[in-house]
Amino acid sequence: MDYTEILKKFVSGEITIEEFREIYFNNVEIQQFLQDNLPDKMLKTYGGLKLSNGDFNEVLKAYHWGTKFGNYGVQCCIKRWLSDNSIDCVVTPTYQDDFEFLLDIMPDYINGVEAERLIESICQSAPQNLGKTKYRRLIKEKIKEAFHIQDGKYPKWVQHTDWPFSPIGKPLKYLSTKKDGDLIQYTFVDIDTGNITIVEEFD
């Protein structure tokens, strides 16, 4: 199996992220190939590799495959591996376009994989025949509705904390913020059960 060609086809879009994921996670040899041929340039300059002590596969597996943020991250990582190995490849803009669109419509106070996947489902359920401006406006309205954003009231996170969800996968409603010294407590409620959840951060 020509692993380099597989990598090039994934980056170019000839192999989908789903197909590449199947190949990658079910084949230890391709994982070993990536690690064995990790370019020194990438090892010295790629921040994620420094945090993982040079373990390229640890970096790849940390991405949330199947999300727009994760898919673009995986593509960038493989593209960088190819480039730093002086291997030319064609790059499909699809993953970057999806990432930038999600970045545009996803408010900066909403974070987390569950949140991203919910927003993606909102995008998929919206009519596709609307103009670009109307489509984005509709999506943003539906996001505010799904996350119970009323009167501009949302948590002013100190860190990029994940928005909490209920056990059945619904966003909790934000109620209030309380600060006690360096401790910040954000109070949320499950609108279906009334159960309260408190998320803590430190300033």
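Which residues are exposed on the other side of helix 10? They are Thr133, Lys134 and Glu145, where exposed means over 50% relative accessible area, buried under 20% and partly exposed in between, with a 1.4 Å probe and protein chains only.

The model is predicted, so local features need pLDDT of at least 70 and side-chain atom pairs count only at pLDDT 80 or more, whereas totals for chains, interfaces and linings use all residues. Residues are numbered from 1 along each chain as its sequence is written, and side-chain values use heavy atoms, with hydrogens and water left out.

## Overall architecture

The protein chain has 10 helices and 3 strands; these are DSSP runs, numbered from the N terminus, with helices being H or I of at least four residues and strands E of at least two. Read from the N terminus, the order of elements is α-α-α-α-α-α-α-α-α-α-β-β-β. The C-alpha trace spans about 55 × 50 × 25 Å along its principal axes, and 41% of the 203 residues count as buried. Among contacts (heavy atoms within 4.5 Å) with a separation of 6 or more, 50% are between residues 24 or more positions apart.

Helix 10 covers residues 132–146, and at 1.5 Å a residue its 15 residues should span 21 Å, which agrees with the 21 Å between its end C-alpha atoms; the expected span is 1.5 Å times one less than the number of residues. Tyr135, Ile139 and Ile143 are buried in helix 10. These three cover an arc of only 70° around the axis, which puts them on the same side of helix 10, the arc being that of the directions from the helix axis to the C-beta atoms. The buried residues of helix 10 pack against helix 8 (94–105) and helix 9 (113–125).

In helix 2 (residues 17–25), the buried residues include Ile17, Phe20 and Tyr24. They cover an arc of only 60° around the axis, and therefore lie on the same side of helix 2. On the other side of helix 2, Glu18 and Glu22 are exposed. The cover over the buried residues of helix 2 includes helix 1 (3–12), helix 3, helix 6, helix 7 and helix 8.

Leu34 is found in helix 3 (residues 28–36) and counts as buried at 0% relative accessibility. Leaving aside neighbours within four places in sequence, Leu34 is in contact with Leu7, Tyr24, Phe56, Asn57, Leu60, Ile78 and Trp81. The C-alpha atoms of Leu34 and Asp55 are separated by 9.8 Å, although the two residues are 21 residues apart along the chain.

Asn71 belongs to helix 7 (residues 68–84) and is likewise buried, with a relative accessible area of 9%. A polar atom of the Asn71 side chain lies 2.8 Å from the backbone nitrogen of Gly66. When residues up to four places away in sequence are not counted, Asn71 touches Ile17, His64, Trp65, Gly66 and Tyr95.

## Residues with positive phi

| Residue | Phi | Relative accessible area | Loop |
|---|---|---|---|
| Asp151 | about 55° | 84% | between helix 10 and strand 1 (173–180) |

## The largest pocket

Rolling a probe the size of a water molecule over the atoms shows where empty space is left. About 190 Å³ of space lies in the largest pocket. On a 1 Å grid over the protein atoms alone, a pocket is an open set of points where a 1.4 Å probe fits, with protein on both sides within 12 Å along at least five of seven lines, and lining residues have an atom within 4 Å of a point. Grid points are joined across faces, edges and corners, and the volume is the space filled by probe spheres set on the points. The lining comprises 13 residues, of which Phe69, Met106, Ile110, Asn111 and Gly112 lie nearest the centre of the pocket. Helix 7 and helix 9 are the elements that give two or more residues to this lining.

Notes: Polar contact = N/O pair within 3.5 Å; in protein donor to acceptor, adjacent residues only side chain to side chain.
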